[in-house]
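Morning, everyone. I have one model to walk through, and I'll keep it brisk.

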Amino acid sequence: MSYVGPDFDPPGPRRSRRGPMTVAVAALVPGALVGWLVWQAVGDSGGGGSTSATSTTSSGAPGASSAAPGSASAAARTPSASGTDDGKPPSSTFSGPATPAASDLPAAAGPLKGKVVVIDPGHNPGNFQHSADINRKVNIGTNWKECDTTGTSTNAGYTEARFTLDVARRLRTLLQQEGATVKFTQDGDRSWGPCVDERARIGNDAHADAVVSIHADGSAAGNRGFHVILPASVHSGGADTRAIVAPSRDLGERIAGNFVRDTGSAPSNYVGGGTGLDVRSDLGGLNLSTVPKVFIECGNMRDSKDAALLTSGAWRQKAARGISEGIVSFLRG
Ligand SMILES: [Zn+2]
């Protein structure tokens, strides 16, 4: 944003130019403040110092990230702090747009530079309105299965699809800060799907170094905790997971370990025998993957205690951080 603001304009055009500018600033500032205040209010004591991840708003709106402008401008300023060696006064480095969207930024020069991570936000908020489309059968190698499902929800109606998209966006921000190239299978930008076979194909075609499919479970009340689902060794029809079983387990174990640490949630008390790990051969998204991939069920939406966590923006940020740190650990070896 330029400092040549409306106050310097001649009286004539002043009125017409001031309108939009005032609206833009009015819209931006409260959003940034709310994001920051929420972060301050919920800031966990063991936050790891990564205060740039301030997207703790619970709106789930695309780029909700009041964090994105904040961290973007912070990133833009970093070079300028030592940039006086170009002979220009420091203020000149502030003349450009200060708030590019996070997705417009080039990959940061972090440890994951050159790495591709595909995030699969499970389900799609629009699946509920497209029963015929999502019930169509697709081949998953071992058998035929529905294209996609609606996913579950909390008893109060907070849907799994909303949850997964929100965690996915938080996760994207964290991974981009590490320098990774991040792709989504869907970003709330299509009316339904994609089907599970396409979800797998997106990771394969991207030659992803790691893929994580984000979910929350719909089990009985009293069933609590998270679990990571690993691909079984499957060699049937179009499915051949033999090459990805070992690296996927490595990825999944690292995600589980970091998820425990960052969220404080316990491994599932109803799947996986307390390990937080499960192995399945009936999921098309895993069967058809040719790159390391896991699912994570972050908690049980039908349990009131788990639901209280899953509906908390602060907790979702911790969940995203746990998953991110697991991926970073896997990719750095
Ligand atoms: Zn799901």
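His207 sits in the loop between H5 and E5. This is a predicted model, so keep that in mind. Phi of His207 is positive, about 50°, and the residue is not a glycine. Most residues other than glycine have a negative phi.

Now His123. Its phi is also positive, near 65°. Look for His123 in the loop between strand E1 (116-121) and helix H3 (131-135). His123 has 27 other C-beta atoms within 10 Å, so it is buried.

Back to H5, residues 196-205, which contains Asp197. Asp197 has 20 C-beta neighbours inside 10 Å and therefore counts as buried. Take Ile140: 57 residues from Asp197 in sequence, yet 6.6 Å away, C-alpha to C-alpha.

In the loop between strand E4 (181-184) and H5, find Pro194. The Gly193 to Pro194 peptide bond is cis, omega near 5°. Most peptide bonds are trans.

Last stop, H6, residues 245-263. The helix has 19 residues and spans 26 Å between its first and last C-alpha, close to the expected 27 Å. Its buried residues include Leu251, Ile255 and Phe259. The buried residues of H6 pack against strands E5, E6, E9 and E10, and against helix H9. After H6 comes Gly264, with a positive phi near 75°.

How values were computed. Residues numbered from 1 in each chain as written. Predicted model: local features only at pLDDT ≥ 70, side-chain atom pairs only at ≥ 80, totals over all residues. Helix = DSSP H or I, 4+ residues; strand = E, 2+ residues; numbered from the N terminus. Expected span 1.5 Å × (residues − 1). Buried ≥ 20, exposed ≤ 12 C-beta atoms within 10 Å, placed from the backbone. Contact = placed C-beta atoms within 7 Å.
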